[in-house]
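This report describes how one protein chain is put together. Please look at the sequence and the model before reading on.

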Amino acid sequence: MAGSPVAIKADNMDIAYLSTLSALAGSVVGGLTSGVATWLSQRAQARESQLAREMARRDDLYKEFIAAASKAYGEAIVSNEPNVQEFVALYAMISRMRLQSPPQTVACAEKVMRATIDTYFAPSKTIRELHESAQRGSGIDLLKDFSEVAREELRAFTTL
């Protein structure tokens with residue numbers, strides 16, 4: 001019966017089913033592979049977008065802090081009358097940093113704040129004294145450490 005027409009027909013049906021199942025399995029595997037690749041790609045893009053937003057938010061906060069701290073420190077150098085609203089704004093910025101920044105960045109911002117407050121209690125400086133301090137390179141660049149720590153933090157975002 002091996003050579004009978006019924007046996008040949010059954011072999012042809014098995015081959016047809018096998019061919020059809022192979023084609024379907026290939027389509028399923030191809031579709032799954034494509035779907036997984038698309039999902040992974042979109043996930044990576046979403047993460048990059050989130051990191052870019054976070055970096056921009058921190059960058060804006062640090063720029064705002066540098067501008068406000070510079071102004072407060074400049075006033076502290078030549079005056080003994082602190083502007084309480086400026087200090088409240090600086091403290092608010094530092095509190096925002098506590099929510100989203102590493103401890104080292106926050107510590108540098110707090111150091112700037114303490115130095116600015118201490119400057120109000122020191123004798124006011126004249127332009128000549130400021131010039132001499134700048135020439136010696138001492139006491140005039142209060143925000144240097146903060147700026148360097150913030151720059152390194154933001155640079156770390158580009159390597160993630």
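The model is predicted, so local features need pLDDT of at least 70 and side-chain atom pairs count only at pLDDT 80 or more, while totals for chains, interfaces and linings use all residues. Residues are numbered from 1 along each chain as its sequence is written, and side-chain values use heavy atoms, with hydrogens and water left out.

**Whole chain**

The chain has five helices and zero strands; helices (H or I, at least four residues) and strands (E, at least two) are DSSP runs, numbered from the N terminus. Of its 160 residues, 24% are buried (under 20% relative accessible area, with a 1.4 Å probe and protein chains only; exposed is over 50%, partly exposed in between). Contact means heavy atoms within 4.5 Å. Among contacts between residues at least 6 apart in sequence, 81% join residues at least 24 apart.

**Helix 2 and helix 3**

Two packed helices are described by the angle between their axes and the distance between the axes. Here the axes of helix 2 (residues 84-100) and helix 3 (residues 103-121) come within 9 Å and cross at roughly 165°. Axes are lines fitted to C-alpha atoms over the stretch in contact, and angles run from 0 to 180 degrees between N-to-C directions. Helix 2 and helix 3 are therefore roughly antiparallel to each other (angles over 145 degrees). The residues that make the contact are listed by helix.

| Helix | Residues in the contact |
|---|---|
| Helix 2 | Phe 87, Leu 90, Tyr 91, Ile 94, Met 97, Arg 98 |
| Helix 3 | Val 106, Ala 109, Glu 110, Met 113, Thr 116, Ile 117, Tyr 120 |

These residues divide into ten nonpolar, one polar and two charged. Ala, Val, Leu, Ile, Met, Phe, Trp, Tyr, Cys and Pro count as nonpolar, Asp, Glu, Lys and Arg as charged, and the others, Gly among them, as polar.

**The core**

A nonpolar core is a set of buried Ala, Val, Leu, Ile, Met, Phe, Trp, Tyr and Cys residues joined through side-chain atoms within 4.5 Å. The largest one has 24 residues, of which Tyr 62, Phe 65, Leu 90, Met 97 and Phe 146 touch the most other members. Helix 1 (5-78), helix 2, helix 3 and helix 5 (144-159) each supply at least two residues. Helix 1 gives the largest share, seven residues.

**Tyr 62 and Thr 105**

Leaving aside neighbours within four places in sequence, Tyr 62 is in contact with residues including Met 97, Thr 105 and Phe 146. Thr 105 lies in helix 3 and is buried, with a relative accessible area of 1%. Not counting residues up to four places away, Thr 105 touches Tyr 62, Phe 146, Val 149 and Glu 153.

Methods: Angles under 35 degrees count as roughly parallel, over 145 as roughly antiparallel, 65 to 115 as roughly perpendicular and the rest as oblique.
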